[in-house]
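Visitor: I am new to this structure. Please take me through one part of it closely, and then show me what else stands out.

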Amino acid sequence: MLRSLKFKLFDLLTGLLLAKPAAPPVNLSDGPLVVAGFFRTASGIGRSAQLHAAALVRDGYKPICVDLSAAFNQIDIESPHPLQQMPTTKTGTLIVHVNAPETRRALWHLGLFINRKWSVVGFWHYELARAPSSWFYEQRWLSEVWVPSTFVANALEQDSSIPVRVVPHKVDYPPCQSVTLDRPQFDIPLDSYVFLTTADGRSSLSRKNPFGAVEVFQRAFPDIDDVSLLVKTRNLERTELEEFSRLCAQDPRLIHINESLTPKDQFKLLSSSDVFISLHRSEGYGLVIAEALALGKPVVATKYSGADDFKDHPQFHGVSYRLVPVAGDPVYSTAAESDEWADPDLEEATNFLKTLYGSRPTTSNKTVSLG
């Protein structure tokens, strides 16, 4: 009851005190340019802000990076960018990397109250084919919505009252000057052909489907020893951790890492692997897919949702699927009964793994540095 009253009071205050966005179209050169987001959080949406800030710098802009990790109690890494305070000017341009449910709280934290007329861009990600109606209510505080993929644009454009623009993440370069491949750091066998899959429990383990990757790996290689599957996770529940521990005890070729990694270590992990697997049920973008492709790694991934934007890449091996109901997933409790996502074809994925193993290079590059 107290929690409900708290939220109602917050809704009332934000409705009265938050500024409506500036009317003119977004102009990145108009006043201070701020990128706000989870710069100290090792999540996909945290990487979204980090990558966008880096891309703006490469394009000649000088963005002010403002961190929201503390405001949402999500600090788990050091920021790869210098952080500053939100400017106090009455006008400017803000690109805020939080989704619709967090938008008002973020703008409140940034102090965009009624006497400030900033142009505000919400950089949003969503993983189902149609966004919830509550998301469009939050557009009142925005000038535009930017999204990373055609899939998310289609999910929002159906009911959006403001422009929706596709702005893909730029992952052409590692986030540091040099990334040294380091298999011993992750307990990866030096002479093994390594498959990697990743999942964040907060982003729905069912959606990321790492257990599907385990099943496909074991189907493809029932009796081959010079292969490994590295399962990188974070934010798992106790029962999920226990299940991975049980699987690893039964199959020593499985390696499980459950921790948050810095962007530098994330690239080291990808670079130390040979193939990335993503048998997801849906992706707003598929950031690790993009990072793996940028590093020249073969990717075996469900060819649905945001990942479908990579279908023409020569290293992308798209897995067929059938659509199944989303209902029952706790992270997507607001999903409608008609909402669906992908159930990937495990037999086809198995064949991709066998083919990649059969055509693996005969020389190792596990000690190369990336410039």
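**A close look at loops, a lysine and a cavity**

Guide: This is a predicted model. Start with Asn73, which sits in the loop between β2 (64-67) and β3 (93-96). Asn73 is not a glycine, yet its phi is positive, about 55 degrees. Most residues other than glycine have a negative phi. Asn73 counts as exposed because its relative accessibility is 69%, and the cut-off for exposed is over 50%.

With 62% relative accessibility, Asp187 counts as exposed.

Next comes Lys297, in the loop between α10 (287-294) and β12 (299-302). Lys297 is buried and has no salt bridge. The nearest side chain of opposite charge belongs to Asp274, 5.2 Å away; a salt bridge has to be within 4 Å. A polar atom of the Lys297 side chain does lie 2.9 Å from the backbone oxygen of Ser273, and one lies 3.2 Å from the backbone oxygen of Ser271. Beyond its neighbours within four places in sequence, Lys297 is in contact with residues including Leu270, Ala292 and Gln315.

Last is the space inside. There is one cavity of 30 Å³ or more. The largest cavity holds about 40 Å³ of space. Its lining is made up of Ala19, Lys20, Leu107, Leu112, Arg116, Trp118, Val120 and Trp141.

Conventions:
Residues numbered from 1 in each chain as written. Predicted model: local features only at pLDDT ≥ 70, side-chain atom pairs only at ≥ 80, totals over all residues. Heavy atoms only, no water. Helix = DSSP H or I, 4+ residues; strand = E, 2+ residues; numbered from the N terminus. Buried < 20%, exposed > 50% of the residue type's maximum accessible area, 1.4 Å probe, protein only. Lys, Arg positive; Asp, Glu negative; His and termini not counted. Polar contact = N/O pair within 3.5 Å; in protein donor to acceptor, adjacent residues only side chain to side chain. Contact = heavy atoms within 4.5 Å. 1 Å grid on protein atoms, 1.4 Å probe; cavity = no way out; pocket = protein on both sides within 12 Å on 5 of 7 lines; lining within 4 Å. Points joined across faces, edges and corners; volume = space filled by probe spheres on them.
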